[in-house]
Amino acid sequence: LYRNDVPECDYILSAEAINDEHFIVSEVDEGGVVGELRVDNRAEEPVLLFAGDELVGAKQDRMVNISILIQELTEMVIPVSCVEQGRWSYKTNRFSSGRKANAKLRRATTMTVRENIREHASFESDQSVVWDEVAEDLECLSVESETSAMGAAYQHHGDSLQHYVKNLIYPEKALGMATFIDQQIVGIELFAHPQHLEKIWTAQIESYALDAVTALSKKDGSESSSIQKNNEATEALQGCLNRIKDSLEKPVKSPGLGYDVGVDGTGLTGAALMHQGQLAHLYVFGSS
């Protein structure tokens, strides 16, 4: 997906900032809280975390619930979900940047987050739903993990995922993507700038590829023979984008900078993060 007028962005992505040690992610305190993490942005620019980003380490691996833009030189607590049910002990003091959660897990998590925002003005997820989704994926993919860790699925099926990574190359200047599996739209994502998508392209492809591998496993290894033509895909995408426009909820103040705008329509769930009148990230998932 492309746009002609690409705005300038004055923020950096969390994976870069974490690697440069300009962005510190840790437990909220020594005891820890499953649904919360503390972030310390020591950079001179805002740092953007994407919904579904995995944070690895500390007492258990987590996943970011919503896309959040953390103001420069700011420390705050963010809402997360556990994606490693069987561990509650320190592995490291700080978190490192991990994978991107697959679309099926992100969809289920987002649905519960949107419900909590509407009913309780809270950005929490339903943790039991998250654990159930991770467990279901591991079982479907025949992956054993002592701690029921989401990351185990990526490690076990690394070769299959690399097949997709090698064959789905980042299209120059693209700042969005619509993903189809078996002719159904699984997810639509738009980013503020092509550089953002380019930097996380591999993680994006791996996350959606895991859903493709899961779908394939349910068909006993028989790959679909039908291929969606470009004009059919474009028509389906346009219809979905129109439904997104008709499904926008009232903006609510994000825990970080900007506003969180929910998407709640027939067969659709997702959200957009808006900052200073510009889109930072849109993520919408179709029916599972």
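Tutor: We shall discuss ring pairs and then a helix. This is a predicted model, in which local features need pLDDT of at least 70, side-chain atom pairs count only at pLDDT 80 or more, and totals for chains, interfaces and linings use all residues. Residues are numbered from 1 along each chain as its sequence is written, and side-chain values use heavy atoms, with hydrogens and water left out.

Student: How many aromatic pairs does the structure hold?

Tutor: A pair of aromatic rings is described by the distance of the centres and the angle of the planes. Rings of Phe, Tyr and Trp (its six-membered ring) pair if their centres lie within 6.5 Å; planes under 30 degrees apart count as stacked, over 60 as edge-to-face and the rest as tilted. The structure holds three such pairs. One of them joins Tyr170 and Trp201 edge-to-face, at 5.6 Å centre to centre and 70° between the planes. This pair links distant parts of the chain, 31 residues apart: Tyr170 is in the loop between α5 (158–167) and β10 (176–181), and Trp201 is in helix α6 (residues 194–218). Helices (H or I, at least four residues) and strands (E, at least two) are DSSP runs, numbered from the N terminus.

Student: Is Tyr170 buried or exposed?

Tutor: Buried means under 20% relative accessible area, exposed over 50%, and partly exposed in between (1.4 Å probe, protein chains only). Tyr170 is buried, at 16%, and Trp201 is buried, at 11%.

Student: What of helix α2?

Tutor: In α2, 13 of the 18 residues are buried. Just after α2, Ala121 takes a positive phi of about 55°.
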